[in-house]
Amino acid sequence: MDLLKPEMLGDVIINIINILILFFVTKKLLYQPVKKYLTARREKELAALTDAEQSRAEAEEAKARYDALVKDAETEKERILADAKREAKENADEILSGAKRSAAALLEDAQRTADAEKAKLMQDAHREIGQTAVALSGKILGREVSDADNRRLIDDFFKHLGD
Amino acid sequence: MRSCIITVSPAMGNETYDYLVSRVHARFGEDVACTRVNDAELLGGFYMELDGTVYDMTVNTRLDQAKRAFDAERTVDA
């Protein structure tokens with residue numbers, strides 16, 4: 001217990017006082033400003049963090065709006081394409097149907113005309129054959145009708161009269 | 001006495017004509033006086049006018065009937 005000797009106690013007390021003075025001075029001149037600086041820096045960092053968070057939220061919101069717009073545009077694009085395809089197909093089908101109907105009508109007309117022509121030719125040919133046959137018959141009969149043939153005609157006549 | 005005009009082809013023989021006249025008498029009576037008329041256009045058969053009635057048994061008429069029937073048939077078919 002050398003520290004408790006009277007000649008040492010003075011030094012101790014002075015040292016203690018020095019330490020206290022140093023403590024308070026350090027506290028006043030160093031600790032508090034540093035604390036103040038650190039507090040300000042922390043608040044600044046918090047503010048920056050808050051701003052960053054807010055910016056991130058705004059960016060995400062903007063991205064979500066952008067994505068929604070892109071999706072809408074894609075949907076609209078698909079709808080327009082589908083409409084255009086459907087309209088093109090309908091037009092093509094209508095044109096094809098019209099062409100088929102026209103072709104069928106033309107074919108039918110041509111068939112009717114051909115049938116009429118054929119019927120007329122047949123009729124003319126048949127009439128001509130008939131007339132030729134009758135004319136030939138006349139020529140043949142003019143040479144070949146015999147008395148026996150005439151007798152048969154006479155008998156047929158009176159048989160028909162109910163002789 | 002009733003009059004009968006029978007038109008025949010000149011090619012018809014007298015025997016055939018007499019046969020015709022005999023059949024006329026048998027059918028219509030002996031009081032029918034038949035007169036023969038030759039028509040070179042006739043192919044065969046005879047044409048008789050008696051008591052206002054005309055009897056046509058000519059081959060020409062038969063051919064015309066056949067021709068008309070033929071034409072009528074083709075018209076119907078058309």
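Predicted model: local features only at pLDDT ≥ 70, side-chain atom pairs only at ≥ 80, totals over all residues.
Let me start with one contact in chain B, where Arg36(B) lies over the face of Tyr17(B), at 5.2 Å from the ring centre; a charge is said to sit over a ring if NZ of Lys or CZ of Arg is within 6 Å of the ring centre and within 35 degrees of the ring normal. A second case involves both chains, with Arg151(A) over the face of Tyr19(B), at 4.5 Å from the ring centre.

Residues are numbered from 1 along each chain as its sequence is written, chains are lettered from A and ligands numbered from 1 in the order in which they are written, and side-chain values use heavy atoms, with hydrogens and water left out.

Now to the two chains. Chain A has two helices and zero strands, where helices (H or I, at least four residues) and strands (E, at least two) are DSSP runs numbered from the N terminus. Chain B, by contrast, has two helices and four strands, and along its sequence these follow the pattern β-α-β-β-β-α.

Of the 163 residues of chain A, 6% count as buried, and of the 78 residues in chain B, 38% do; buried means under 20% relative accessible area, exposed over 50%, and partly exposed in between, with a 1.4 Å probe and protein chains only. The accessible surface of chain A comes to about 13,900 Å², with 63% of that area belonging to carbon and sulfur atoms, and for chain B the values are about 4,300 Å² and 50%; these areas come from the Shrake-Rupley method with a 1.4 Å probe, and for residues only the protein chains shown count as cover. Within chain B, if we take contacts (heavy atoms within 4.5 Å) with a separation of 6 or more, 59% of them are between residues 24 or more positions apart.

How many aromatic pairs does a search of the whole structure find? Over all chains there are five, where rings of Phe, Tyr and Trp (its six-membered ring) pair if their centres lie within 6.5 Å, and planes under 30 degrees apart count as stacked, over 60 as edge-to-face and the rest as tilted. One of them is the edge-to-face pair of Phe157(A) and Phe46(B), at 5.2 Å centre to centre and with 85° between the planes. Phe157(A) lies in helix H2 (residues 147-161) of chain A and Phe46(B) in strand E3 (residues 45-50) of chain B, so this pair joins two chains, and both residues are buried. The ring centres of Phe28(B) and Tyr55(B) are 5.9 Å apart with the planes at 50°, so that pair is tilted. It links distant parts of the chain, since Phe28(B) is in helix H1 (residues 14-28) of chain B and Tyr55(B) in strand E4 (residues 53-58) of chain B, 27 residues apart; both are buried. Together with Phe158(A), the residues Phe157(A), Phe28(B), Phe46(B) and Tyr55(B) form one aromatic cluster.

I will finish with one residue in a loop. Asp51(B) lies between E3 and E4 of chain B, and its phi is near 55°, a positive value in a residue other than glycine. At 45% relative accessibility, Asp51(B) counts as partly exposed.
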